[in-house]
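Subject: Structure handover

Hello,

Here is the structure for you to look at. My notes on it follow below.

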Amino acid sequence: MPVDGTAPRVRIFEDAEALARGAADELLRRAVAGVEARESFSLALSGGATPRRLFGLLAAEPYRSRMPWARIHFFWGDERTVAPEHRDSNFGAAEETLLSRVPVPPENVHRIAAERPPPERAAAEYEATLRRVFRLSEDDWPRFDLALLGLGADGHTASLFPDTAALAETRRLVVANWVEKLATHRITLTCPVFNRAACILFLVSGAEKAETLAEILASEAGVARYPAQLIRPVDGELHWYVDRAAGQALDRTKGITPA
Ligand code: 6PG
């Protein structure tokens with residue numbers, strides 16, 4: 001649970017399609033409100049398969065004509081060390097399903113150039129991008145208006161995998177994280193960055209995550225068995241949008257809202 005004690009908001013949707021639609025509605029609402037209030041909206045996208053349906057919905061009506069695309073800045077929470085055209089690229093997935101279909105100014109798309117070795121330089125370059133775009137001084141942290149996150153069955157989120165060095169990072173915004181079980185580096189934003197977001201929205205779909213999700217949401221504040229439990233916004237909201245399959249092991253008495 002969040003260190004400040006505010007319980008995360010958990011919404012359960014009938015299936016993956018309803019989950020994507022619920023996320024699209026929430027993202028639209030927040031983007032419109034954010035642009036009205038601050039004339040811009042900083043959005044960090046998650047990778048993997050789950051957000052693809054969300055991206056497809058946003059690229060079509062009724063969302064396409066209502067999203068303030070010119071004022072949204074796109075970032076990534078993590079990236080694989082592959083070219084943007086590679087099928088595993090998180091940027092590539094967003095480009096294919098969303099960015100190539102909506103009028104986002106190219107200068108608003110801040111991808112992680114993770115394909116260029118060494119990975120440590122890719123991480124440093126992205127950190128410099130964050131500092132430039134958010135106009136950060138040396139000791140400042142970016143504050144994303146919204147960061148999407150996924151969950152792996154092992155409890156990882158972004159590329160913060162169990163037993164990896166990135167989990168302990170407290171100073172850098174972006175690191176190249178060696179993931180032994182994948183035998184590769186991943187470029188990932190660090191916990192302090194995610195924890196300064198105004199809103200964290202986890203999207204979790206699929207029965208294979210049900211037990212891990214139930215353990216994460218049932219555990220007490222301060223107990224972090226899984227990397228995803230390190231995500232506790234210090235001054236922001238934490239939302240879990242899950243489909244029924246992923247939520248099947250949840251204790252319905254604990255502040256869970258059927259969508
Ligand atoms: C990545 C993601 C990762 C993902 C989870 C869930 O780069 O793979 O950032 O954290 O969100 O692994 O992935 P699925 O949505 O494919 O289950």
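Is Glu39 buried or exposed? Glu39 is exposed, at a relative accessible area of 53%. Here exposed means over 50% relative accessible area, buried means under 20%, and partly exposed lies in between (1.4 Å probe, protein chains only).

Some ground rules. This is a predicted model: local features need pLDDT of at least 70, side-chain atom pairs count only at pLDDT 80 or more, and totals for chains, interfaces and linings use all residues. Residues are numbered from 1 along each chain as its sequence is written, and side-chain values use heavy atoms, with hydrogens and water left out. Helices (H or I, at least four residues) and strands (E, at least two) are DSSP runs, numbered from the N terminus.

Glu39 has a positive phi of about 65°, although it is not a glycine. Glu39 sits in the loop between helix H1 (16–38) and S2. Ala183 is not a glycine either, and has a positive phi of about 55°. Ala183 belongs to the loop between S6 and S7. Ala183 counts as exposed, at 56% relative accessibility.

There are cis peptide bonds to check too. One runs from Glu61 to Pro62, with omega near 10°. Pro62 is in the loop between H2 and S3. Another runs from Pro117 to Pro118, with omega near -5°. Pro118 lies in the loop between H3 and H4.

Strands count as paired if DSSP finds at least two bridges between them. S2 pairs with strand S3 (residues 72–76) in the parallel sense, over five bridges. S2 also pairs with strand S5 (residues 146–149), again parallel, over two bridges. Look at Leu43: its bridge partner in S3 is Phe74, and in S5 Leu43 stands opposite Leu146.

S2, helix H2 (residues 51–58) and S3 make a right-handed β-α-β unit. Right-handed here means that, with the strands pointing away from the viewer, the path from the first strand over the helix to the second runs clockwise.

Helices H2 and H3

H2 packs against helix H3 (residues 90–97) at an angle of about 30°, with their axes 8 Å apart. That makes H2 roughly parallel to H3. Angles under 35 degrees count as roughly parallel, over 145 as roughly antiparallel, 65 to 115 as roughly perpendicular and the rest as oblique. Axes are lines fitted to C-alpha atoms, for helices over the stretch in contact, and angles run from 0 to 180 degrees between N-to-C directions. Arg52, Phe55 and Gly56 in H2 meet Ala93, Ala94, Glu96 and Thr97 in H3. Contact means heavy atoms within 4.5 Å.

The antiparallel sheet

Three strands form an open sheet in the order S4-S7-S6, with antiparallel pairing. Strands S4 (78–80) and S6 (174–179) are the edges, each pairing on one side only. Neighbouring strands of this sheet are turned by 25° against each other on average, direction ignored. S4 and strand S7 (residues 184–189) pair over three bridges. Glu79 stands opposite Ile187 in S7. Helix H4 (residues 119–133) packs on the sheet and touches S6 and S7. The direction of H4 makes about 150° with that of S6.

Best wishes
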